[in-house]
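Morning, everyone. Please bring up the sequence and the model on your screens, and I will walk you through a few parts.

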Amino acid sequence: MSDTIIKMTGGVIRQQKNTILKNVNIEIKSGEFIYLIGKVGSGKSSFLKTLYAELPLEYGNAEIVGFKLKKIRKSQIPLLRRKCGIVFQDFKLLIDRNVYDNLEFVLRATGWRNKKDIRERIENVLTKVGMQDKQNQMPHQLSGGEQQRIVLARALLNAPPLILADEPTGNIDPETSYQLVELLKEICDTGKTIIIATHQYDLIKKYPGRILCCENGELIEKTPANSCDCSNTPGAQATEELVTESQPPLSMATATEETVVPPVTEIIPDTPEKETSPEIPAETPVASPEPLCMEQQEDILSLIGKLDYPEISAFDYELEHLPEIEPEEKEKTEQKTEEANIPAEMEETQEEGQIDIFPVADEKENENDEEKQKKNIPPVMDLELID
């Protein structure tokens, strides 16, 4: 553990002309197990990308596994990445080939040619991550935890001294994440250097390691006793705030006075007795009512009518008992209604001494227009009658 594998002094990490981290001074030795923590957007992924030369180091000096990032050439970047096993959060497996072909593709891309050596190396790394029986499986046939183990096996193919894991537990369940970190811990015990960027802070308690925190644009080393705010377990602070808010502050009067609480006496409930409901003896049959005669029914209905409508007035009573109208009187009333409905164009029967104002209704329809105009002339008014 005396060999230094990462050393950076005065480093400034930028992305698209935006400064993410500044004044980075860090030294990591071989065989260390390191957690990289911080809030979202604090620069964890940018720091890891700088280590494997995806982001250029514009200011400062850094040396990674023997390569100087300030002076590295493009042709040297693949050699650098062979010594850095990278574990991505989104797996980045080739979906058109099975597990074995995915691993074989990496080995052939890095210069392996012997088929026997390739097979032995693939079986070795798959056995190390517990996936030796998944060689012929396609990526979509594996669970999230199984795919993450295959990604870890791919990172171990070239036996790199440094493994960079960017949120390896982000897409798997907590139990599987414990198994993955335990596997990384075992790999670290063989002399490899492990750097894990994570938000799952309970892993730090279960598998302790060195803590680097991205905070306020700087990379600061923390100890568990002096951890940053982002390393607190999520939800703990929120629950404390809820508890304090749910307990209202006591007033001065209630604080000084002693609250007397009456003693609680346990009441033992008596065994409930069965309720005895009065039962009709079976020997006395219920007598069915006898049917009423017609006269009794009419009397009862008349009484019910008086009880239901006690507000009937004398006027309503007289209307119900009016004598029936005779047929002759009915004819007279019908004639009166017909006379009242005679139109104004019809002739009215006038008494003596009155004047006919309207024309006669029984004139012939075939008269000439001139005769009609003569008849429509208003008659001469009798002055004596007007006076």
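Contact here means heavy atoms within 4.5 Å. One more caution before we start: this is a predicted model.

Let's take helix α5 and its packing. The buried residues of α5 pack against β6 (84-87), α3 (99-109), α4 (115-128) and α6 (174-189). The helix itself spans residues 144-155, which makes 12 residues. From first C-alpha to last, α5 reaches 17 Å. That is close to the 16 Å expected at 1.5 Å a residue.

How many residues of α5 are buried? The count is 10 of 12, so α5 is mostly covered, with buried meaning under 20% relative accessible area. Here is the list: G145, Q147, Q148, R149, I150, V151, L152, A153, R154 and A155. Note that R149 and R154 are among them.

Now the pair α5 and α6. Two packed helices are described by the angle between their axes and the distance between the axes. For α5 and α6, the axes come within 10 Å. They cross at roughly 15 degrees. Angles under 35 degrees count as roughly parallel, so α5 and α6 are roughly parallel to each other. The crossing of these two helices is right-handed.

Which residues make the contact between them? On the α5 side, we have G145, Q148, R149 and L152. On the α6 side, they meet T176, Q179, L180, L183, L184 and I187.

Next, the sheet. There are 4 strands, in the order β2-β1-β4-β5. The sheet is open, and its pairing is antiparallel. Which strands stand at the edges? Those are β2 (18-29) and β5 (67-68). Each has a single partner strand, so one side of each is left without a neighbour in the sheet.

Look at β1, residues 4-15. Strand β1 runs antiparallel to β2, and 8 bridges join the two. One example: T4 has K29 in β2 as its bridge partner.

A helix lies over this sheet. Helix α1, residues 44-51, lies across β1, β2 and β4 (59-64). It runs at about 120 degrees to β1.

Last stop: E215. You will find E215 in strand β9, residues 210-215. E215 and G43 are 172 residues apart along the chain. Their C-alpha atoms are separated by 8.6 Å.

That's my tour. Over to you.

Conventions: Residues numbered from 1 in each chain as written. Predicted model: local features only at pLDDT ≥ 70, side-chain atom pairs only at ≥ 80, totals over all residues. Heavy atoms only, no water. Pairing = 2+ DSSP bridges. Axes fitted to C-alpha atoms, helices over the stretch in contact; angles between N-to-C directions. Expected span 1.5 Å × (residues − 1). Buried < 20%, exposed > 50% of the residue type's maximum accessible area, 1.4 Å probe, protein only. Parallel < 35°, antiparallel > 145°, perpendicular 65-115°, else oblique. Left-handed = near helix turned anticlockwise from the far one by under 90°.
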